[in-house]
Every structure is written in C-alpha cells, then in structure tokens.
Amino acid sequence: MAAIAPADRMPYILTHYRTIAVVGLSPQPHRASFDVARYMQAQGYRIIPVNPNATEVLGEKAYPNLTEAARHENIELVNCFRNSEDIPPVVDEAIAIGAKAVWMQLGIRHAAAAEKAEAAGLLVVQDHCLKIDHKVLQSRGLLSNSSV
C-alpha cells in the first residue's frame, strides 16, 4: 500500500476497514469500551470483542485474544482499550494475524510498539477516540460511504 499521509490516516482507516477487534471490550454498559464499540456497531462496523473474561458482548462472540479471534474472523482494525504498557503484545498479535491497522484509544500511547506496527505495514493511530474521531470526520464529510 502507498504511504497514507497522517492527515488522511483516520479517514482512510474508518472508510476501508469495517471489521474491528476491540481488545479490552467490557460487557459493562457504563464502560467507555462498551460505549465506543456500541456506537461503531450502530454505524455499520462489525465488532469482534476480545476479552478473556467475557463470552459475548453486544451480541457478538467474545474471544480471549486476537489470535483466537482471527481463527474465526477477518480482523482489519485492532482497537485497543488496554493500558499503554500492555500494548506491545497486542501489536505483536495484530501483526501476526495480518491486521491492517491499530488504533489506541485516548490516553494510550506506546512509541516502540507503534514503530514496530508501522514497520510491519500497519497504519497506527495513538491517543485518539474512535467514536469521537468518527463523529468529527463524518460531520465534516470526510468519510466515504462506499464501504457502508
């Protein structure tokens, strides 16, 4: 894939990658991960919950890790609701399963893991909320509806 300019990265990801594995997706409706995943699901994205302590979230089967999820689903985007220090193994799994992008939620950054993901050809977003950015880009008309 040709390089995607930083300004175009988020719209590209949200337009082209419709299956999202949410690592750390809580089944509890008051948690941010649940709210973001529910919103993205309502926007037509397929949500794959990754949480070893859940069996189902938002009507979707939950998997204990990305590797197991990828045995059953084609994961394009990995959305991370984990502490920054827990990101390296998530990125390693994302690379191993052939994900196309990794999105770290607000407050989550890991420079070395991001560099590793980018070196492996994945698009990376750090310290941004998937839901907020989707709403902003949609309101500005920057999301193509071709994949919806």
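1. In this predicted model, the side chains of glutamate 73 and arginine 46 meet in a salt bridge, with 3.0 Å from N to O. The pair links distant parts of the chain, since glutamate 73 sits in the loop between helix 3 (66-70) and strand 5 (77-80) while arginine 46 belongs to strand 2, 27 residues apart. Glutamate 73 counts as buried, at 18% relative accessibility, whereas arginine 46, at 31%, counts as partly exposed.

2. Arginine 46 also takes part in a salt bridge with the side chain of glutamate 60, where the N to O distance is 2.9 Å. Glutamate 60 lies in strand 4 (residues 60-61) and arginine 46 in strand 2 (residues 46-50), so this pair ties together parts that are 14 residues apart in sequence. Glutamate 60 has a relative accessibility of 16%, which is under the 20% limit, and therefore counts as buried.

3. A further salt bridge joins the side chains of aspartate 35 and lysine 131, at 2.8 Å from N to O. Because aspartate 35 lies in helix 2 (residues 32-42) and lysine 131 in helix 6 (residues 130-139), the pair ties together parts that are 96 residues apart in sequence. Lysine 131 counts as buried at 17% relative accessibility, while aspartate 35 is partly exposed, with a relative accessible area of 26%.

4. The contact between aspartate 35 and lysine 131 belongs to a network of salt bridges in which Asp35, Arg38 and Lys131 are linked. In the whole model, the count comes to eight salt bridges.

5. Turning to the strands, the model has an open sheet of five strands in the order 2-1-5-6-7, with parallel pairing. Its edge strands are strand 2 and strand 7 (123-125), each of which pairs on one side only, and the twist averages 20 degrees from one strand to the next. Strand 2, at one edge of this sheet, is also the strand that holds arginine 46.

6. Helix 1 (residues 6-16) lies across strand 5, strand 6 and strand 7, and runs at about 110 degrees to strand 7. Helix 2, where aspartate 35 is found, lies across strand 1 (19-23), strand 2 and strand 5, and runs at about 155 degrees to strand 2.

Technical notes
Residues are numbered from 1 along each chain as its sequence is written. This is a predicted model: local features need pLDDT of at least 70, side-chain atom pairs count only at pLDDT 80 or more; totals for chains, interfaces and linings use all residues. Side-chain values use heavy atoms; hydrogens and water are left out. A salt bridge is a side-chain nitrogen of Lys or Arg within 4 Å of a carboxyl oxygen of Asp or Glu. Helices (H or I, at least four residues) and strands (E, at least two) are DSSP runs, numbered from the N terminus. Buried means under 20% relative accessible area, exposed over 50%, partly exposed in between (1.4 Å probe, protein chains only). Two strands pair if DSSP finds at least two bridges between them. Axes are lines fitted to C-alpha atoms, for helices over the stretch in contact, and angles run from 0 to 180 degrees between N-to-C directions. Contact means heavy atoms within 4.5 Å.
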